[in-house]
Amino acid sequence: MNTTLTVDGMSCEHCVKAVEGSVGELAGVESVKVSLQQGKVEVRFQPEKVTLEKIKETIDDQGYDVKD
């Protein structure tokens, strides 16, 4: 499953690494791509292994604000 999340607060390469690293470590996440310019995070994941809520929570835990 693919989803694109709008995320506020990402402004630099450290932000990209923090989000891609933390989300990428979740079991069931196949790929993570951050676009700083658009404030978007594209995630491909297996919904039977990880929930969208868990992905959002992981981004939030890094200090960024996921918009619904």
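Gly39 sits in the loop between β2 and β3, the latter covering residues 40–45. Helices (H or I, at least four residues) and strands (E, at least two) are DSSP runs, numbered from the N terminus. The model is predicted: local features need pLDDT of at least 70, side-chain atom pairs count only at pLDDT 80 or more, and totals for chains, interfaces and linings use all residues. Residues are numbered from 1 along each chain as its sequence is written, and side-chain values use heavy atoms, with hydrogens and water left out.

Gly39 has a relative accessibility of 13% and therefore counts as buried. Buried means under 20% relative accessible area, exposed over 50%, and partly exposed in between (1.4 Å probe, protein chains only). Leaving out residues up to four places away in sequence, Gly39 touches Leu5, Thr6, Val7 and Met10. Contact here means heavy atoms within 4.5 Å. Leu26 is 13 residues from Gly39 along the chain, and their C-alpha atoms are 21 Å apart.

Ser35 belongs to strand β2, residues 29–35. Its side chain reaches the backbone nitrogen of Gln38 at 3.3 Å. This is a polar contact (a pair of N or O atoms within 3.5 Å; within protein, one must be able to donate a hydrogen and the other to accept it, and residues adjacent in sequence count only if both atoms are side-chain atoms). With residues up to four places away in sequence not counted, Ser35 also touches Met10 and Lys40.

Thr3 lies in strand β1, residues 2–8. Its relative accessibility is 17%, so Thr3 counts as buried. Apart from neighbours within four places in sequence, Thr3 contacts Val41, Glu42, Val43, Phe45 and Leu52.

The protein as a whole has two helices and four strands. From the N terminus on, the order is β-α-β-β-α-β. The radius of gyration is 11 Å, close to the 11 Å that the globule rule gives for 68 residues, so the protein is as compact as a globular protein of that length. This radius is taken over C-alpha atoms, and the rule is 2.2 Å times the number of residues to the power 0.38. Along its principal axes, the C-alpha trace spans about 30 × 20 × 20 Å.

Buried residues make up 40% of the 68 residues. Among contacts between residues at least 6 apart in sequence, 58% join residues at least 24 apart.
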